[in-house]
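Hi,

Here is the structure I promised to pass on. Have a look at it first, and then read on for what turned up.

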Amino acid sequence: MQKIRKRQVHLDFHTSEYIEGIAKNFNKESFVATLEQAAVNSITCFARCHHGWLYYPSKLQPEMIHPHLANPNLLLEQIEACHSRGIEVPIYTTVQWDGYVARQHPEWLCVDSQGAFINSQGVPEPHFYYSLCLNSGYRDYFTAHLVDVIEVVGQEQIDGIFMDILFRVACDCQHCQKEMLAKGIDHNSEINRLAYSEIMLNEFKTEIADLIRQKVPKATIFYNGSHVGYADKQNLAAYSHLELESLPSGGWGYDHFPITMRYARNLGKEIIGMTGKFHTYWGDFHSLKNQAALEFECFNMLALGAGCSIGDQLHPDGQLSSASYELIGNVYRQVAQVESACEMAAIPEVEIGVLTPEETWVAGSHSLRLDPSLIGANRLLQELNYQFDIIDSQMDFSRYKVLILPDVIAYTPQLQAKLKAYTADGGAVIGSYRSLIDEEHPQNDWYGIEFLGDGDFDRDFIMPNERLGKTLPQEEFVMYLKGAKVALKGADLALESVTSFFNRQGDTFCSHQHAPATRQIGGPAATRNGQVSYFAHPLFRIYRKNAPHWVKAILRDALEELMPRKLLTHDGPSTFLTTVNRNSEGNRHIIHGLHYITQKNSEDIYTIDEVIPLHQLRIKYDLDGKQVKSVRNIVTGEELLVESVEGYLSIVIPRVEGHIVIEVVTS
């Protein structure tokens, strides 16, 4: 199968039946010329939308063609025009949302334990968000529709199939009850129903992938559930590649994509990142994202090893927005400049692995399956300029010098044994709070502590010292979330806690938030046992919640103690983000640097307004004994002046205007 195109547009076309003249202004030549000028090389176009309407001349369901579609060959002409200019056209269809089907076949809808239809978005009617059950008769309906698309469009014209809206739904309909009973699953538990939903989705994806590969062997296949994580690892064979939908202004925020990508890039599939041209979310007609924001989102995809996809929505009249494609082109022409160099060196160079709590995620416990501790860890390591992956317990630990277990990594004997073997081979670990704590056996010889339960105070304090927090004033600092109470059982004391006078409860309260410190030393706040460090507080959730700089300071000191030599350093601000990728031979390295600052000027969303340049920035890259042959700025093509300093390649960048891509060739 050919490589996935890396400058894509995802062209939504969810179009109400109450709008007339659909595609009346569509012009093949104008359509493809606009895409070509914007440097787009793949565009996902619609066969069927969430309203339930079709945009191709269906043989099976001609009555489902949009009632006001002026050009019944819209999809066919989009494909024909794009193929004439070498632009690919994956075909979109919806799966679990279809407004027409929901109205005509309520017996196919997912229901909760009370028999009520499940509205996955929680919005009042009218909408198309009632979830369709894939165990009902709808499954045959969808399969027949997919075959119809393939037969009408033609095998040779199909580049790929993009199937949208495949979510875990706690359906308690008679069809799901029957299947759960056959599998010995108690349907009375919502958690059980969600777990079964994952099994059912995997069976469905396998079935549909087999069908597509039988009829269109060369087609790409992707199922979109708005997130890619540990659960998707179980059925990767049904996908040709991965697409990470993550519109920062649309509810995902700026944390979701880097976390998801740092995990997904370990799954062995090509990956496309997906954002939108919209100022807010899908369906935001006649809006444009700030160019600086779109640049950062696309360049961050490249930096983390993904291709790019930008979401748009076609106007009902079928005419692309000139302003939208001027914006997209302004970004994609820059992407095209560095794309080939990025593809030649796409293997991440990393030094830290962060274990994901998503491996033991319980449905409904937090948004998008991202635990706050993982968000905090991602932010801290980005700001401290470490190169890292997000991993699960089954992945190879030997790639990393340090592993981090953020706050809530569940104990299992298998993980404990694997970590012991890892540290015995020279690896180092930082754990925090309840990570790898077995409450049935509270004495943990690996940490060198005994776990005594939760601490006595909702908020207590830490006392920095010359080891951890050495750049901080030597006085108490508050920890905003309750920590654990531990005792030393072989570990060294690395950081002390300081007690509070009391909790703010009942008759005991003081001031507006919490009582001050008593000046009396409490239990250990951090310990060190050989290559294993432990923090008693939920360090990473605290940083996610309040971002206190003293948390960053003590983590930085702990990392420097365990790993004195860092892969990449710079003298810029913590807002300057870096990644390093290499080729398989290990002699070509790509350093990405991004400086875009997110702001929350609105009530609802974060975005990026402008580019703030950096000047005379020095980057130091650990050569690991390699000899440098050349160093150049990929964007400008200019050779850069460098020097070697204590085994580091030292590069001075005169000016960083948002994004810099440096190619280092070694021998």
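The stretch comes from a record: an unreviewed UniProt entry annotates residues 381-442 as "domain: Beta-galactosidase trimerisation". Positions from UniProt are given in the numbering used here, the feature names are shortened, and such annotations may be inferred rather than shown by experiment.

Some ground rules before the rest. This is a predicted model, in which local features need pLDDT of at least 70 and side-chain atom pairs count only at pLDDT 80 or more, while totals for chains, interfaces and linings use all residues. Residues are numbered from 1 along each chain as its sequence is written, and side-chain values use heavy atoms, with hydrogens and water left out.

Now the inside. The largest nonpolar core has 203 residues, and I43, M163 and I352 are those with the most contacts inside it. (A nonpolar core is a set of buried Ala, Val, Leu, Ile, Met, Phe, Trp, Tyr and Cys residues joined through side-chain atoms within 4.5 Å; buried means under 20% relative accessible area, exposed over 50%, and partly exposed in between, with a 1.4 Å probe and protein chains only.) Leaving aside neighbours within four places in sequence, I43 is in contact (heavy atoms within 4.5 Å) with residues including V9, L11, F31, L35 and I87. There is also a second, separate core of 19 residues, with L567, V580, L649 and V656 among them.

Next, a pair of helices. Helix α7 (residues 253-264) and helix α10 (residues 372-383) have axes that come within 10 Å and cross at roughly 90°. The axes are lines fitted to C-alpha atoms, for helices over the stretch in contact, and angles run from 0 to 180 degrees between N-to-C directions. Angles under 35 degrees count as roughly parallel, over 145 as roughly antiparallel, 65 to 115 as roughly perpendicular and the rest as oblique, so α7 and α10 are roughly perpendicular to each other. On the α7 side the contact uses D255, P258, I259 and R262, which meet L374, I375, N378, R379 and Q382 in α10. By type, the residues of this contact are four nonpolar, two polar and three charged. (Ala, Val, Leu, Ile, Met, Phe, Trp, Tyr, Cys and Pro count as nonpolar, Asp, Glu, Lys and Arg as charged, and the others, Gly among them, as polar.)

Two strand residues are worth a click while you are there. I390 sits in strand β11 (residues 388-391) and is buried, at 1% relative accessible area. Its contacts beyond four places in sequence include I259, R262 and L374. I390 and I352 are 38 residues apart in sequence, with 8.7 Å between their C-alpha atoms. L355 belongs to strand β10 (residues 352-355) and counts as buried at 2% relative accessibility. Among the residues that L355 touches, again beyond four places in sequence, are L374, I391, F397 and L415. From L355 to R434, 79 residues apart along the chain, the C-alpha separation is 13 Å.

A few backbone details, too. E125 and P126 are joined by a cis peptide bond, with omega about 5°, and P126 lies in the loop between α3 (99-104) and α4 (138-153). Which residues other than glycine have a positive phi? One is R519, with phi near 75°, in strand β20 (residues 517-529); at 62% relative accessibility R519 counts as exposed. Another is Q616, with phi near 50°, in strand β25 (residues 614-622); Q616 counts as exposed at 52%.

Strand β20 also holds G522, which is partly exposed at 29% relative accessibility. Leaving out neighbours within four places in sequence, G522 is in contact with S497, V498 and T499. The C-alpha atoms of G522 and D98 are separated by 59 Å, with the two residues 424 apart along the chain.

Over to you!

How values were computed
Helices (H or I, at least four residues) and strands (E, at least two) are DSSP runs, numbered from the N terminus.
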